[in-house]
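Morning, everyone. Please look at the structure on the screen while I talk through the ligand site.

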Amino acid sequence: MPTVLALETSCDESAAAIVRDQTVLASAVASQVEEHARWGGVVPEIASRRHVEALPQLIAQVCHASGLGPGDLDGIAATAAPGLVGALLVASVTGRTLARLHGKPFLGVHHLEGHLCSVQLGDPLPPGPYLVLLVSGGHTELLRVDGPGVYSRLGRSHDDAAGEAFDKVARLLQLGYPGGPAIEQAAQGGDPGRFVLPKGRVSKPEGGYYPYDFSFSGLKTAMLRQVRALEQLLGSNNLPVADLAASFEQVVVEVLVERSCACAKQQGLETLVLVGGVAANKRLRRLLEERCHRDGLNWRVAPLPYCTDNAAMIGVAAAQRLSAGLQSSMELAVAPRLPLEEASRLYQAQACF
Ligand code: KG4
Ligand code: ZN
């Protein structure tokens with residue numbers, strides 16, 4: 001049961017955690033959301049600076065809360081890919097320096113492997129392979145998991161990620177950043193059936209559609225057209241924001257749930273897992289539970305505090321790799337775009353980048 005200090009700074013949350021296997025001993029997150037909200041999205045330069053300021057305090061905080069120090073640790077982990085390069089560097093340099101100073105193994109973790117592992121912080125998973133719907137600000141993917149580190153991608157978005165679509169539509173409706181929680185709140189009491197919106201499909205060159213892929217750009221354009229038409233009709237101060245937000249949220253959730261359940265059934269997988277920032281959405285959690293129940297699928301979702309970015313999920317992924325006898329090179333740098341299928345490259349004796 002390895003005990004790991006994990007650091008996460010890949011985007012706009014600075015985070016540190018100490019986990020023992022799949023148990024969180026301490027976890028702390030410093031969000032920069034308010035600062036980026038002024039600009040309507042993440043400003044990379046500001047993100048890096050805030051990580052530099054926040055990370056030392058967060059590390060001190062989790063050591064104090066858990067009552068553990070460097071001598072109690074079996075490894076030190078940091079997110080190494082993917083993400084904003086300047087932001088990733090903060091946790092990477094900090095983690096490698098601490099590992100070298102204290103003579104501990106260093107583990108460079110793939111951020112999406114962290115999201116996949118976040119479900120292990122909840123109820124135990126049933127045995128066997130399973131399908132994961134990973135929905136965050138940067139990714140919308142359907143991944144088959146056949147064991148730790150054994151992933152195959154069965155579906156993906158060809159344009160915006162689901163979280164990105166929430167963020168852009170929230171900006172259109174002037175609801176603020178991040179868009180997901182803002183749309184969820186605005187949609188309360190709204191009529192999800194009032195506006196008919198497209199369930200974007202991705203065409204195959206030879207005809208037909210990719211059944212498990214996603215496209216949210218047409219939906220975004222349809223929302224823009226709808227809003228402009230309503231502004232002409234009612235004036236920009238009288239938009240039916242609750243109905244617009246609810247209709248948008250409903251169509252995104254339906255698309256995600258329908259394609260995930262169909263994919264699980266086609267693959268003969270009995271368990272469907274939901275992770276990533278958008279997994280915090282209550283309508284999505286509710287509909288997925290209903291459909292899985294109807295289709296006889298097991299379902300698991302990451303606990304709410306571990307859906308959006310955090311370091312505990314990075315620690316679980318690192319503890320799993322460490323238990324398998326793996327560690328990263330102390331020279332490992334960061335990679336802004338490494339695909340999840342290549343996560344094992346992070347544990348080669350010679351740094352791969
Ligand atoms: O996983 P995450 O924290 O960061 C990335 O790795 O991208 O996901 C952030 C995304 C944002 O786009 C945010 O709008 C979305 O997750 N999100 C939500 C909700 N909470 C966060 N989307 C829908 N409903 C929510 N309640
Ligand atoms: Zn994330």
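N281 comes first: one of its polar side-chain atoms lies 3.1 Å from a nitrogen atom of ligand 1. Taken alone, ligand 1 exposes 560 Å², and the protein buries 89% of that. Those areas come from the Shrake-Rupley method with a 1.4 Å probe.

This is a predicted model: local features need pLDDT of at least 70, side-chain atom pairs count only at pLDDT 80 or more, and totals for chains, interfaces and linings use all residues. Residues are numbered from 1 along each chain as written, chains are lettered from A and ligands numbered from 1 in written order, and side-chain values use heavy atoms, without hydrogens and water.

Two further contacts. G137 uses a backbone N or O atom, 2.8 Å from an oxygen atom of ligand 1. H115 uses a polar side-chain atom, 3.2 Å from an oxygen atom of the ligand.

Now the whole shell. How many residues surround ligand 1? There are 20, and the closest are G137, D167, G180, E184 and D309. To count, a residue needs a heavy atom within 4 Å. By class, six are nonpolar, eleven polar and three charged. Gly counts as polar here.

Which helix gives the most? α6 does, with four residues. Helices here are DSSP runs (H or I, at least four residues). α6 spans 179-187; α4 (111-117) and α5 (162-172) also supply at least two residues each.

Last, domains. Domain 1 (3-116 + 307-347) and domain 2 (127-301) each give the shell at least three residues. Their bounds come from an automatic or database assignment.

Conventions: A polar contact is a pair of N or O atoms within 3.5 Å; within protein, one must be able to donate a hydrogen and the other to accept it, and residues adjacent in sequence count only if both atoms are side-chain atoms.
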